[in-house]
Number of protein chains: 2
Amino acid sequence: MTTSPINRTVFVVSDSTGITAETFSHSVLSQFQEFEFQAVRVPFIDTIEKAQDVTVRINRCFEETGEKPLVFSTLVDPKMARTIGSANCIFMDLFGSFVRHIERALGTKADRSVGRSHSNVMSKQYSNRIEAINFSLAHDDGQLINGLEQADVILVGVSRCGKTPTSLYLAMQYGVKAANYPLIPDDFERGALPLSLVPYRKKLFGLSIHPDRLAEVRHERRPNSTYASLKQCINEVAEAERLMRLENIPWLSTTTRSIEEISTKILDEVGLNKRIY
Amino acid sequence: MTTSPINRTVFVVSDSTGITAETFSHSVLSQFQEFEFQAVRVPFIDTIEKAQDVTVRINRCFEETGEKPLVFSTLVDPKMARTIGSANCIFMDLFGSFVRHIERALGTKADRSVGRSHSNVMSKQYSNRIEAINFSLAHDDGQLINGLEQADVILVGVSRCGKTPTSLYLAMQYGVKAANYPLIPDDFERGALPLSLVPYRKKLFGLSIHPDRLAEVRHERRPNSTYASLKQCINEVAEAERLMRLENIPWLSTTTRSIEEISTKILDEVGLNKRIY
């Protein structure tokens, strides 16, 4: 017997983008599957007046639903956080809780400057990240051989196994220069890596996928083609995995993994300790 | 007088990717600018044995540096969290702290299932996100007119003002189908939007940039070209802003904003309330 989920409203309040608070709220709330949470994003709350407006919205939500909304806040200013916390809600003060703990442990005071986590766009680190995004775009799907020597990693695998979103995520989230290059039937016939990749063998990381899933994904793109047929998918996947084993390329299956999981596994396995954004 | 920053090691421990914990740790630690934090990512800690190994690493770090490392943990399993917390460290138990609070408030027990926040790759939501990434890639820089009617938003602006990374971020992080289309000198001569965009005027959102910054960015790509000259940049930016005002297109400046900030502002202004990933 399945019961319908219980609805709850979640406010995500931040003086900046709210991305940290929202990422965190998803993580925590994924542990309460009997509930269905409706998230309301309230970013850029950087004055007491705006905080008071949010308090009014939270209270109105409580009156309308009869249930206290959950509120995840990364407000840095303690006064603004208290304003929100005074509403009729279940208040999670992410900053307050941990900043005070760290202040005590480090024997110092936090700067309490608003909107800092995504600032610093003039930094070297930030421009490296934009460069990584441009690099990964330019080196998507084997489009460009030039510059592959600058890649941090080159993903290889059959068409539609997940190389493109993974490369872009690695660039976007970690500032990793991730190229990707397809393994195609021509390579399997020759039984060897594409020639352009041979000089960079140490940078290669393979992605594979279950043939059933691959056929599904390919059918969406080109319905009822030979390309999408299960037979073709079984064959290509087997050949690609054989080639990766033969060439000693580390690889993993993308079938049941999100791009976050695939990307983190890759960084972990190739030993890249890159900053997250 | 500037003093050199104090170094501290930070361990980011998770049973899954660690992305939530790391995003959160950056946010909080950006408030302590007198310190320089070295982050060590320890993802996929999903057994007590692995947790014990991490504890050994943390203790070794304490012995070597004489300073307690900071530890941000999103371990769901309380026993594993306790194992880590028993090390010589400043322990931030992100899950434990808030999960218990929510459990009490909702009158229920959390599922405490490991690695859930990035799972569910078979869901409709997840495939929408991958579709959005593919859409944004295919519709980068006006490459494809076909399908623009499916866009959630179409970013416009002069070359190198930040359209591409923003479109990809919107797709990756929010599952938004974000196309982008350049405004070029031809358009300014005609004094009108590119014809292909006219049917989608309501989906347009403009990005602009300070001409000095634009010249810098363009110089990196094509040093000493007319394209990168300050004169050309001043002119293009003025014309683009004039056109956006004329056509009543909402726009913002990317000059001092990160792609996170630009993307969140856009969602906020166009009223798209999309799920974050």
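1. Before we start, one definition: the expected span of a helix is 1.5 Å times one less than its number of residues. Keep in mind, too, that this is a predicted model. Now look at helix α4 of chain B, which covers residues 94-106 and has 13 residues. From its first C-alpha to its last it reaches 18 Å, close to the 18 Å expected at 1.5 Å a residue.

2. Next, see which parts of α4(B) are tucked away. The buried residues include B:Leu94, B:Phe95, B:Gly96 and B:Phe98. Further along α4(B), B:Val99, B:Ile102, B:Glu103 and B:Leu106 are buried as well. Just after the helix, have a look at B:Gly107, which takes a positive phi of about 65°.

3. How do the two chains relate to each other? Chain A can be laid on chain B by a turn of 180° and a shift of 0.0 Å along the axis, with an RMSD of 0.0 Å. That is the relation of a two-fold axis. As for the interface, 100% of the interface residues of chain A are also interface residues in chain B, so the copies meet through the same surface.

4. Now for the two α4 helices together. Two packed helices are described by the angle between their axes and the distance between the axes. Here, α4(A) and α4(B) pack at an angle of about 135°, and their axes are 12 Å apart. Angles over 145 degrees would count as roughly antiparallel, and 65 to 115 as roughly perpendicular; α4(A) and α4(B) are therefore oblique to each other. The crossing of α4(A) past α4(B) is right-handed.

5. Which residues meet where these helices pack? On the chain A side they are A:Leu94, A:Ser97 and A:Phe98, and in α4(B) they meet B:Leu94, B:Ser97 and B:Phe98. Notice that B:Leu94 and B:Phe98 also turned up among the buried residues of α4(B).

6. Is A:Ala132 buried or exposed? You'll find this residue in helix α5 of chain A, residues 124-138. A:Ala132 is buried, because its relative accessible area is 0%, and buried means under 20%. Leaving aside neighbours within four places in sequence, A:Ala132 is in contact with A:Ala171, A:Gly175, A:Val176 and A:Lys177. A:Pro194 is 62 residues from A:Ala132 along the chain, and their C-alpha atoms are separated by 24 Å.

7. B:Asp111 is partly exposed, with a relative accessible area of 34%. Its C-alpha atom and that of B:Glu261, 150 residues apart along the chain, are separated by 33 Å.

Key:
Residues are numbered from 1 along each chain as its sequence is written. Chains are lettered from A and ligands numbered from 1 in the order in which they are written. This is a predicted model: local features need pLDDT of at least 70, side-chain atom pairs count only at pLDDT 80 or more; totals for chains, interfaces and linings use all residues. Side-chain values use heavy atoms; hydrogens and water are left out. Helices (H or I, at least four residues) and strands (E, at least two) are DSSP runs, numbered from the N terminus. Buried means under 20% relative accessible area, exposed over 50%, partly exposed in between (1.4 Å probe, protein chains only). Copies are superposed by least squares on the C-alpha atoms of residues with pLDDT of at least 70 in both. Contact means heavy atoms within 4.5 Å. Axes are lines fitted to C-alpha atoms, for helices over the stretch in contact, and angles run from 0 to 180 degrees between N-to-C directions. Angles under 35 degrees count as roughly parallel, over 145 as roughly antiparallel, 65 to 115 as roughly perpendicular and the rest as oblique. A crossing is left-handed if the near helix is turned anticlockwise from the far one by less than a right angle, and right-handed if clockwise.
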